[in-house]
Structures are given as structure tokens and as C-alpha cells.
Amino acid sequence: MANGVETLTTTTFDETVATSDLPVLVDFWAEWCGPCKAIAPILEEIAGEHGDRVRIAKINVDENPDIARRFDVMSIPTLILFKEGTAEARLVGAKGKNQLVQEISAHI
């Protein structure tokens, strides 16, 4: 876990989102994606400031394509907020910190 952001894989994804006591915001990203790199520090800030209310995780779509397909992730970055294993909200594209916090606040 780097700076409060967990890295998920195909083998850890289901257990992490299903068993978490907190909602889990999963960032679907790739190394080559500029907007993905731009929101990474924002997600770290959110993890630091709201870590008592939400877990922040990321999953590389190139290394874990089955998970990306399962959740119909067609463009990245895509952020999906899971509560008790169920997708509650989906945000597509890079957004600023205030907008991200505002959009997930109703779910955390």
C-alpha cells in the first residue's frame, strides 16, 4: 500500500471489495494513461484525508483485463465505488479533488 492506496490484482480484488468494512473506491488505470497519472496524487490525498470513511485502491487494466471487462471499463481512468461488493457509483475521466470528494460523499 503506497500512501494509503492499495494495489489490487485479479486474485485480491473480489475479497477486498466484498469484505471491506468501508466502501472501496477502485481506480481502474494503466501505466500509459496520462490522466490516470494526473489523478494518482489526488487519490493519495483523499486516502489520507478520508481513510477512516473510504478505502482507495487501484487496479491496472493491462495486468488484470478480466476485472476491467467484468465491470465494462471502456475508458480510463474509471473509478468505481463498491459497498459490500456491489458497485454503487462510477466516475469516468480525470476530475479534480473537490469534484471527486463531492461525487463520492453521498456513498461514504
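How many aromatic pairs does a search of the whole structure find? Five. Keep in mind as you click around that this is a predicted model.

**Stop 1: the phenylalanines**

Select F13 and F71 and show their side chains. The ring centres are 5.5 Å apart and the planes sit at 50 degrees, so this pair counts as tilted. F13 belongs to helix α1 while F71 is in the loop between α3 and β4, so the pair ties together parts 58 residues apart in sequence. Both F13 and F71 are buried.

With F71 it makes an edge-to-face aromatic pair, 5.2 Å centre to centre with 80 degrees between the planes. F82 is in strand β4 and F71 in the loop between α3 and β4, so here the parts tied together are 11 residues apart in sequence. Colour by accessibility if you like: F82 has a relative accessible area of 0%, and F71, at 15%, still counts as buried because the cut-off is under 20%.

Bring in F28 as well, and you have the cluster that ring pairs build from F13, F28, F71 and F82.

**Stop 2: the core around them**

Stay on F13 and display its contacts. Leaving aside neighbours within four places in sequence, F13 touches L8, V26, F28, I59, I67, R70, F71 and F82.

Then widen the selection to the largest nonpolar core, which has 20 residues. Those with the most contacts inside it are F13, V26, F28, F71 and I76. Two or more residues come from each of α1 (10-19), β2, β3, α3 (65-70) and β4. The top contributor is β2, with four residues. In soluble globular proteins, nonpolar side chains tend to be buried together.

There is also a second, separate core of 16 residues; I42, V54, I56 and I104 are among them.

**Stop 3: helix α2**

Select residues 34-50, which make up helix α2. How far apart are its end C-alpha atoms? They are 25 Å apart, which agrees with the 24 Å that 17 residues should span at 1.5 Å a residue. Look along the helix for the bend of about 30 degrees at A40; a proline, P41, follows within four residues.

Next, show the buried side of the story. C36, I39, A40, I42, L43, I46, A47 and H50 are the buried residues of α2.

**Stop 4: a lysine over a tryptophan**

Select W29 and K58. The charged end of K58 sits over the W29 ring, 4.2 Å from the ring centre.

**Stop 5**

Most residues other than glycine have a negative phi, and most peptide bonds are trans. Here are some exceptions to click on.

- I76 and P77: the peptide bond joining them is cis, with omega about 0 degrees. P77 is in the loop between α3 and β4.
- D72: its place is also in the loop between α3 and β4. Phi is near 50 degrees, a positive value in a residue other than glycine. D72 has a relative accessible area of 52%, so this residue is exposed.
- E84: look in the loop between β4 and β5 (86-92). Phi of E84 is again positive, near 50 degrees, and the residue is exposed, with a relative accessible area of 70%.

Terms used. Residues numbered from 1 in each chain as written. Heavy atoms only, no water. Expected span 1.5 Å × (residues − 1). Bend = angle between axes of the 7 residues up to and from the residue. Buried < 20%, exposed > 50% of the residue type's maximum accessible area, 1.4 Å probe, protein only. Core = buried A, V, L, I, M, F, W, Y, C linked by side-chain atoms within 4.5 Å. Contact = heavy atoms within 4.5 Å. Phe/Tyr/Trp six-rings, centres within 6.5 Å; stacked < 30°, edge-to-face > 60°. Lys NZ or Arg CZ within 6 Å of the ring centre and 35° of its normal.
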